[in-house]
Amino acid sequence: MTLKRTAFAIALAALILGMAAGLRYSQSLDLIGPAAARRAMQVAIGLILAAYSNLMPKDVGPWRSSAAAVARTQSALRVGGWSMTLAGLAYAGLWAFAPLAFADVASTVVVASAMVITMGYGGWTMLACRASRKLPLDVEGQA
Amino acid sequence: MFKALADPTRRQVLQLLRQGPKSAGELAESFPVSKPTMSAHFAVLRAAGLVDSAKQGKAIIYRLKMSVLEEALMEFSQLLGLNLAQRAGKASGAAILRKAPNK
């Protein structure tokens, strides 16, 4: 599984580098302008972000001792996966269709917001899990 | 994966698992089907990689293991299934009305 993932990541990195080189070469031949090359690269980055984030909720990790911890991990992964996937798609969409100056700012805002949501919800989930562990009663599955 | 999502019972199992991990018994209680049928549904979901299971004592605990795309597909098929069911309901209602004698 780890080997498969590493191979996939290396293939993806090679694809990005190849695409960047190809776009640069096309630019040098005057086949495309610098704006189109930039757009194409950013759209690819957005789609890659969406593809990676799509798999985030599937990476459930090992089973935890408490049902509440499993439920919280699952919900944190789902929130993170959804927000980052939608952000990746929005990023790609903005770079594909919006004016460059707007896409530059809006795409950053979209991805930054998704990161804040993902990390904020993840942090809150972790704190809630720790707090429920301190409770004297067994509240497994109810917290 | 499409086969797993095509069945309404399996989709409902996935909906229930969204709330958190549940035992096979807890899940089976929510459906008016026999335990072997439920086991077959769980096996299909496991084979499709949509759920993950672990044995805790005598119970088997299930948890959701769906990607964003799989979840979106589930929602879509749920919506489509609901519409189809509603259409089928309307169609059968209309057929009953057609068969019924006019008063």
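The chat below goes through the contact between the chains, the salt bridges and the nonpolar cores.

Q: What kind of model is this, and how are things numbered?
A: This is a predicted model, in which local features need pLDDT of at least 70 and side-chain atom pairs count only at pLDDT 80 or more, while totals for chains, interfaces and linings use all residues. Residues are numbered from 1 along each chain as its sequence is written, chains are lettered from A and ligands numbered from 1 in the order in which they are written, and side-chain values use heavy atoms, with hydrogens and water left out.

Q: OK, how many residues of chain B are in contact with chain A?
A: On chain B there are 22 residues in contact (heavy atoms within 4.5 Å) with 18 residues of chain A. The two chains bury about 1600 Å² between them, 57% of it on carbon and sulfur atoms, where buried area is the accessible area (1.4 Å probe) that two parts lose on being put together, summed over both.

Q: And which three residues of chain B supply more of that area than any other three?
A: Those are B:Pro21, B:Arg63 and B:Val68, which supply 41% of the area that chain B buries against chain A.

Q: How many salt bridges are there between the chains?
A: The count between chain B and chain A is two, a salt bridge being a side-chain nitrogen of Lys or Arg within 4 Å of a carboxyl oxygen of Asp or Glu. B:Glu70 pairs with A:Lys58 at 2.9 Å, N to O, and B:Glu71 pairs with A:Arg78, with the closest N and O atoms 2.5 Å apart.

Q: Is B:Glu71 buried or exposed?
A: B:Glu71 is buried, with a relative accessible area of 1%, where buried means under 20%, exposed over 50% and partly exposed in between (1.4 Å probe, protein chains only). B:Glu71 also forms a salt bridge with B:Arg18 at 3.2 Å, N to O, and B:Arg18 is partly exposed at 21%. Salt bridges that share partners join A:Arg78, B:Arg18, B:Glu71 and B:Glu75 into one network.

Q: Changing topic, which residues touch the most other members of the largest nonpolar core?
A: That core has 19 residues, and the ones touching the most other members are B:Val13, B:Leu14, B:Leu17, B:Leu27, B:Leu45, B:Leu50 and B:Met66. A nonpolar core is a set of buried Ala, Val, Leu, Ile, Met, Phe, Trp, Tyr and Cys residues joined through side-chain atoms within 4.5 Å. Apart from it lies another core of seven residues, including A:Tyr91 and A:Leu94.
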